[in-house]
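Here is a colleague's note for someone who is opening this structure for the first time. Please keep the sequence and the model in view while reading the points.

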Amino acid sequence: PFVNVYLREAGPVLEAKRLMEHLRENSLRDPMTGLYNRRFLEDYVGALVSSSQRRKASFSALMLDLDFFKQVNDTHGHEAGDKVIKTLADVLACSVRGSDFAVRYGGEEFLVVLVDTGIEPALKVAEKIRAEVEATKIPLPTGILQKTISIGVAEFPTDADTFWQVVKFADVALYKAKAGGRNRVVRFLPE
């Protein structure tokens with residue numbers, strides 16, 4: 001009888017804890033793609049930087065943006081745009097290791113953080129992602145759609161010693177990739 005009383009009393013508490021964890025996890029993920037969101041970054045950045053500094057390790061940030069995405073929504077509708085974003089999210093999830101993370105940064109812009117990865121391997125991963133996106137065929141009711149992506153890459157601590165500055169520099173490189181003709185990977189350079 002004591003066990004039954006304990007289980008009856010503990011059940012609602014355990015269920016509430018499970019629901020709270022479920023809510024917390026959902027608040028850190030983008031509902032459309034299942035990737036992490038910017039709120040996750042706010043929680044994780046401090047630990048990432050501290051760990052990297054303590055181990056004297058680097059990480060690289062890839063800022064990615066779909067090329068001419070507005071045309072997809074304008075031509076094929078928002079449902080097609082959502083499908084393109086979900087497809088890109090799937091490519092990103094399959095292209096990174098379990099220790100890395102992909103974030104839907106906003107709209108059609110994504111951030112990938114490659115933990116314990118210097119600039120040369122990061123550029124290879126970025127090129128692999130770029131090629132995979134370019135080769136992906138997205139079926140729509142109106143036909144097959146193929147998109148390209150531009151990627152900017154920066155490294156911690158070589159390019160900057162704060163997370164947000166590394167992200168900013170990856171974004172600067174992304175805009176250089178877009179200005180250079182899109183569908184390319186560009187490494188951040190101080191000049």
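The numbered points below go from the overall build to single helices, charged pairs and backbone details.

1. Basis of the note. This is a predicted model, in which local features need pLDDT of at least 70 and side-chain atom pairs count only at pLDDT 80 or more, while totals for chains, interfaces and linings use all residues. Residues are numbered from 1 along each chain as its sequence is written, and side-chain values use heavy atoms, with hydrogens and water left out.

2. Overall build. The protein has six helices and seven strands, where helices (H or I, at least four residues) and strands (E, at least two) are DSSP runs numbered from the N terminus. Read along the sequence, their order is α-α-β-α-α-β-β-α-β-β-β-α-β. The C-alpha trace spans about 75 × 50 × 20 Å along its principal axes.

3. Of the 191 residues in the protein, 45% are buried; buried means under 20% relative accessible area, exposed over 50%, and partly exposed in between, with a 1.4 Å probe and protein chains only. Contact means heavy atoms within 4.5 Å, and among contacts between residues at least 6 apart in sequence, 69% join residues at least 24 apart.

4. Helix 6. The 17 residues of helix 6 (residues 163–179) should span 24 Å at 1.5 Å a residue, and the end C-alpha atoms are 25 Å apart, which agrees; the expected span is 1.5 Å times one less than the number of residues. Buried residues in helix 6 include Phe163, Val166, Phe169, Leu174 and Lys178. The buried residues of this helix pack against helix 2 (38–55), strand 1 (59–66), strand 2 (101–106), strand 3 (109–115), strand 6 (149–156) and strand 7 (185–187). Just after helix 6, Gly181 takes a positive phi of about 120°.

5. Helix 4 and its partner. Helix 4 has 18 residues and reaches 26 Å from its first C-alpha to its last, close to the 26 Å expected at 1.5 Å a residue. Among its buried residues are Val84, Ile85, Leu88, Val91 and Leu92. Helix 4 (residues 78–95) and helix 5 pack at an angle of about 145°, with their axes 10 Å apart; axes are lines fitted to C-alpha atoms, for helices over the stretch in contact, and angles run from 0 to 180 degrees between N-to-C directions. The contact is made by Leu88, Val91, Leu92 and Ser95 of helix 4 and by Val125, Lys128, Ile129, Glu132 and Val133 of helix 5.

6. How many salt bridges does a search of the whole structure find? The search finds nine, a salt bridge being a side-chain nitrogen of Lys or Arg within 4 Å of a carboxyl oxygen of Asp or Glu. Arg104 forms one with Asp30, the closest N and O atoms being 3.3 Å apart. Arg104 lies in strand 2 and Asp30 in the loop between helix 1 (2–27) and helix 2, so this pair ties together parts that are 74 residues apart in sequence. Arg104 is buried, with a relative accessible area of 14%, and Asp30 is buried as well, at 12%.

7. Salt bridges within helices. Lys70 and Asp74 meet in a salt bridge of 2.8 Å, N to O, and, being four residues apart in helix 3 (residues 69–76), they are separated by about one helical turn. Both Lys70 and Asp74 are exposed. Glu134 and Arg130 meet in a salt bridge of 2.9 Å, N to O, and both lie in helix 5 (residues 119–135), four residues apart. Here Glu134 counts as partly exposed, at 34% relative accessibility, whereas Arg130 counts as buried, at 11%.

8. Backbone details to inspect. Most residues other than glycine have a negative phi, and most peptide bonds are trans. The peptide bond from Phe156 to Pro157 is cis, with omega near 0°, and Pro157 is placed in the loop between strand 6 and helix 6. Lys56, although not a glycine, has a positive phi of about 55°; Lys56 sits in the loop between helix 2 and strand 1 and is exposed, with a relative accessible area of 77%. Asp116, also not a glycine, has a positive phi of about 55° and sits in the loop between strand 3 and helix 5.
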